[in-house]
Amino acid sequence: MTNYELAKAKYAKYGIDTDAAIETLKDVTVSIHCWQGDDVTGFDSKEALSGGIQTTGNYPGKARTPDELMADIDKAFSMVPGKKKLNLHACYAIFEDGEYANRNELQPKHFAKWVKFAKERGMGIDFNPTFFAHPMVKDNLTLSSPDEETRKFWVEHGKACLKIAEYFANETGECCVMNIWIPDGFKEIPADRLGPRARFKESLDEILATPYDKSKVYVTLESKVFGIGLESYTVGSAEFCLSYSTKNNITPLMDNGHYHPTEVVSDKISSLLAFNEKIALHVTRAVRWDSDHVVIFDDETKEIAKEIVRCDALDRVFIALDYFDASVNRIAAWTVGARNMQKALLNALLIPAAELKDYQDKADYTKMLAISEEYKTFPFGDVFDEYCRRCGAPVGMDWIEECDKYEREVLSKR
């Protein structure tokens with residue numbers, strides 16, 4: 001018997017169908033971010049990365065052009081099993097023949113090359129307005145700025161992005177999740193906390209007044225607790241963003257690096273699902289702060305996946321990745337993080353959630369604890385290897401050799 005057949009038999013003894021888990025996971029989409037490939041640089045501005053975020057490291061081989069970035073995405077995606085979407089930021093607009101458009105003037109045509117790329121690979125596109133790394137970010141403020149010219153510029157950018165998001169949905173045939181996140185905040189304790197939030201609310205109202213097809217575009221709003229240079233106050237706090245999303249019937253988005261260190265997003269998922277048709281996640285890894293480290297197969301990643309699965313919410317949660325590490329091979333960073341998200345989801349599908357829930361309802365916490373712990377050493381890895389085989393992705397560590405070859409033949413020559 002193969003390792004998979006042995007694992008399948010062991011799981012089957014306890015009522016778990018590994019083939020069914022694999023087939024279920026094949027239909028789960030993970031949205032993978034383009035910005036890991038070039039350290040969140042983009043193609044529309046020479047401004048240094050700003051807005052309370054920072055990329056560290058200088059590993060050789062960074063993508064410098066749209067063609068290089070697309071080639072790197074192709075390589076990374078080929079090593080990741082399962083269904084994928086491409087997640088773009090507005091700063092990745094592609095201008096040709098000397099054309100340029102500022103962010104408030106972006107049009108669908110500036111993303112036509114990305115649409116062609118996605119359609120040829122049979123995948124959808126998610127989208128993010130880029131409210132950072134631009135000369136019109138004044139005093140670390142965008143949509144909450146007291147300067148009307150600044151605020152108007154960024155409102156126009158948000159409106160333009162809504163039209164682009166709908167274009168993506170129409171062209172690819174898949175819904176587009178358009179996520180709004182602003183870095184706005186203050187380094188020092190503010191004299192006025194309400195004013196910026198009132199202006200942010202007004203700006204969002206103006207953006208969302210733009211007509212768009214809500215069956216094709218899901219607007220999400222992402223909060224943050226703080227950033228570098230924005231330590232004392234963030235306009236888009238968790239309370240603000242959740243309240244605004246609820247009141248205006250848009251989709252709340254939680255990034256598991258955007259909360260206080262003692263908070264975990266896995267504990268919040270069920271609360272949001274109780275009140276929202278859909279929710280969205282940015283899965284990352286925070287090391288002491290919102291550091292956007294590469295996602296690993298750690299307890300919180302596994303717990304996030306378990307909550308999605310045991311809430312029967314695989315079709316209600318938009319799962320996206322968000323991290324950027326320039327200290328390691330960037331293609332490897334993409335691959336490690338995306339494969340770990342897939343591992344976490346498969347691990348969750350191989351746990352007897354209904355049985356454990358029944359023990360909880362019966363107050364049999366002894367069996368609930370004991371059985372949960374026993375499943376931690378079941379041969380999950382053999383099932384993941386089989387999942388990779390069926391998806392045509394490298395099995396086990398085979399992808400590392402492929403990545404090394406790509407570095408020798410492509411990245412080292414840049």
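**Core, helix packing and positive phi**

Trainee: Which residues touch the most other members of the largest nonpolar core?

Mentor: The model is predicted. The largest nonpolar core has 124 residues, and its largest share, 11 residues, comes from helix H10 (residues 330-349). The residues that touch the most other members are Trp-114, Phe-127 and Phe-168.

Trainee: Which residues does Trp-114 touch, not counting residues up to four places away in sequence?

Mentor: Trp-114 is one of the residues that touch the most other members of the largest core. With residues up to four places away in sequence not counted, Trp-114 touches Phe-43, Leu-69, Met-70, Ile-73, Leu-86, Leu-88, Tyr-92, Ile-94 and Ile-125.

Trainee: Are H4 and H5 roughly parallel or roughly antiparallel?

Mentor: Helix H4 (residues 112-120) packs against helix H5 (residues 148-172) with axes 10 Å apart and an angle of about 30 degrees. Angles under 35 degrees count as roughly parallel. Therefore H4, relative to H5, is roughly parallel.

Trainee: Which residues of H5 make the contact with H4?

Mentor: The crossing of the two helices is right-handed. From H4, the contact involves Ala-112, Val-115, Ala-118 and Lys-119. From H5, the residues are Tyr-167, Phe-168, Glu-171 and Thr-172.

Trainee: Is Asp-312 buried or exposed?

Mentor: Asp-312 sits in the loop between helix H9 (299-310) and strand S10 (317-321), and its phi is positive, near 55 degrees. The relative accessibility of Asp-312 is 64%. The cut-off for exposed is over 50%, so Asp-312 counts as exposed.

Methods
Residues numbered from 1 in each chain as written. Predicted model: local features only at pLDDT ≥ 70, side-chain atom pairs only at ≥ 80, totals over all residues. Heavy atoms only, no water. Axes fitted to C-alpha atoms, helices over the stretch in contact; angles between N-to-C directions. Helix = DSSP H or I, 4+ residues; strand = E, 2+ residues; numbered from the N terminus. Parallel < 35°, antiparallel > 145°, perpendicular 65-115°, else oblique. Left-handed = near helix turned anticlockwise from the far one by under 90°. Contact = heavy atoms within 4.5 Å. Core = buried A, V, L, I, M, F, W, Y, C linked by side-chain atoms within 4.5 Å. Buried < 20%, exposed > 50% of the residue type's maximum accessible area, 1.4 Å probe, protein only.
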